[in-house]
Amino acid sequence: MSVLKKCFVALCVLFALDFACTAQSSSQNVAASAFVQGAKAFSAGEWTSSIFLLRKAVSYPENYNPDTWYMLITAEMYAGEYKNAYQDCETYMRNFPESPYDSYVLYQRGRALFCIGEYEKSVLVLSDFCHQYPEHEMYPSALYWIAESFFATYNYEDAEVLYSAIVNDYSNDAKADSAQYRLETITQADREEKILYLLKETGEEYLAAKEEYERQLKLSGMDSTSDARRRILDLQRSNSELERKVLELEHENSVLADRLNDEIDKNSDIKNETDQLLRDLKKKAAMTQRMLDERKPE
């Protein structure tokens with residue numbers, strides 16, 4: 001091979017190597033640019049844009065790492081794309097075991113399940129998180145979402161225990177105010193139920209005694225029914241005392257409702273649910289008033 005030909009071959013090899021390096025460098029630049037743009041949108045709180053850009057970023061091998069995936073999951077949670085966040089949590093846990101963000105992804109997975117209405121699964125995942133990371137900064141928040149799952153399924157007893165634990169043991173945590181609000185909401189509901197129960201029980205007893213009194217009047221005459229009459233009078237006095245207690249409870253409920261209304265703006269994440277609960281309580285209050293009116297002695 002001539003010297004000229006050897007030089008030409010060498011130049012071709014160098015050109016090919018240079019082209020490959022340039023192409024690789026160009027690909028790396030595009031990948032880096034996608035990540036930087038996604039990170040900027042994330043920092044600015046532009047969740048929809050950041051999700052689009054970060055999804056583009058993870059499509060490049062250079063960005064297929066725990067950092068980019070965790071940022072994407074967090075953006076999806078902020079944007080309310082809970083199903084996508086849950087699926088990406090699953091992808092993350094399959095591909096990046098023992099990564100620095102493991103605990104946070106497990107927490108977000110449980111929270112995403114709550115947000116899509118999978119309350120039982122959410123309790124299992126978040127309970128697992130609490131078991132594995134008892135000293136974690138997100139531990140109180142995990143307790144809160146477990147309690148919220150119980151609350152959403154009307155398991156107020158277990159929910160109250162967890163809300164109380166947050167208020168008492170983590171009073172400085174961001175979830176403490178929301179937990180206190182929930183405790184007051186449960187108290188409000190309990191009082192309404194107590195009023196309805198008292199009205200039902202005493203109302204039935206009063207009506208039964210009144211019917212017995214009238215039956216005795218028909219059967220035996222007025223003189224032989226003095227005991228029944230005395231019983232009616234006693235029940236009327238008892239009902240008057242009950243009505244006083246009911247009115248006191250209703251007053252307490254009114255005060256508590258005012259406090260709950262003051263807290264609504266501080267707890268916007270549960271505002272819609274609270275509005276529905278307050279509507280239900282108002283219906284119960286109207287029912288209570290009707291029952292009171294119906295059983296006032298003539």
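User: Is Tyr-154 buried or exposed?

Analyst: Please note at the outset that this is a predicted model. The class of a residue follows from its relative accessible area, and over 50% counts as exposed. Tyr-154 has a relative accessible area of 64%, so this residue is exposed. Tyr-154 is located in the loop between helix H7 (139–152) and helix H8 (156–169).

User: What is noted about the phi of Tyr-154?

Analyst: The general idea is that most residues other than glycine have a negative phi. Tyr-154 is not a glycine, yet its phi is positive, at about 65°. Glu-98 also has a positive phi, of about 60°, and is likewise not a glycine.

User: Where is Glu-98 found, and is this residue buried or exposed?

Analyst: Glu-98 belongs to the loop between H4 and H5. With a relative accessible area of 78%, Glu-98 is exposed.

User: Let us turn to charged pairs. How many salt bridges does the structure hold?

Analyst: In general, side chains of opposite charge can pair when their charged atoms come close. The structure holds four salt bridges. One of them pairs Glu-76 with Arg-55, where the closest N and O atoms are 2.4 Å apart. Glu-76 is part of helix H3 and Arg-55 of helix H2, so this pair ties together parts that lie 21 residues apart in sequence.

User: Which accessibility classes do Glu-76 and Arg-55 fall into?

Analyst: Here a cut-off is needed: under 20% relative accessible area a residue counts as buried, and between that value and the limit for exposed residues it counts as partly exposed. Glu-76, at 0% relative accessibility, is therefore buried. Arg-55, with a relative accessible area of 34%, is partly exposed.

User: Which salt bridge does Asp-88 form?

Analyst: Asp-88 forms a salt bridge with Arg-55, and the closest N and O atoms of this pair are 3.1 Å apart. This pair links distant parts of the chain, since Asp-88 sits in helix H4 (residues 82–95) and Arg-55 in helix H2, 33 residues apart. Asp-88 has a relative accessible area of 6% and is therefore buried.

User: What can be said of the salt bridge between Glu-90 and Arg-109?

Analyst: In the pair of Glu-90 and Arg-109, the closest N and O atoms are 2.4 Å apart. Distant parts of the chain are again linked, with Glu-90 in helix H4 and Arg-109 in helix H5 (residues 102–115), 19 residues apart. Glu-90, at 23% relative accessibility, is partly exposed, whereas Arg-109 is buried at 18%.

User: How is the packing of two helices read, and at what angle do H2 and H3 pack?

Analyst: Helix H2 (residues 47–58) and helix H3 (residues 66–79) pack at about 155°, and their axes are 9 Å apart. H2 and H3 are therefore roughly antiparallel to each other. Their crossing is left-handed. Among the residues that make the contact are Trp-47, Ile-51, Leu-54 and Arg-55 of H2, together with Trp-69, Leu-72, Glu-76 and Tyr-78 of H3. The contact residues of H2 with H3 comprise 11 nonpolar, two polar and two charged.

User: At what angle do the axes of H6 and H7 cross?

Analyst: The axes of helix H6 (residues 119–132) and H7 cross at roughly 155° and come within 9 Å. H6 is therefore roughly antiparallel to H7, and the crossing is left-handed. The contact includes Tyr-119, Val-123, Leu-126 and Phe-129 of H6, and Tyr-139, Leu-143, Trp-145 and Phe-150 of H7. By class, the contact of H6 with H7 has 12 nonpolar, three polar and no charged residues.

User: Finally, which residues does Thr-91 touch, leaving aside those up to four places away in sequence?

Analyst: With those neighbours in sequence left out, Thr-91 touches Tyr-64 and Trp-69. Thr-91 is placed in helix H4 and, with a relative accessible area of 15%, is buried.

How values were computed
Residues numbered from 1 in each chain as written. Predicted model: local features only at pLDDT ≥ 70, side-chain atom pairs only at ≥ 80, totals over all residues. Heavy atoms only, no water. Axes fitted to C-alpha atoms, helices over the stretch in contact; angles between N-to-C directions. Helix = DSSP H or I, 4+ residues; strand = E, 2+ residues; numbered from the N terminus. Parallel < 35°, antiparallel > 145°, perpendicular 65-115°, else oblique. Left-handed = near helix turned anticlockwise from the far one by under 90°. Contact = heavy atoms within 4.5 Å. Nonpolar A, V, L, I, M, F, W, Y, C, P; charged D, E, K, R; others polar. Salt bridge = Lys/Arg side-chain N within 4 Å of Asp/Glu carboxyl O. Buried < 20%, exposed > 50% of the residue type's maximum accessible area, 1.4 Å probe, protein only.
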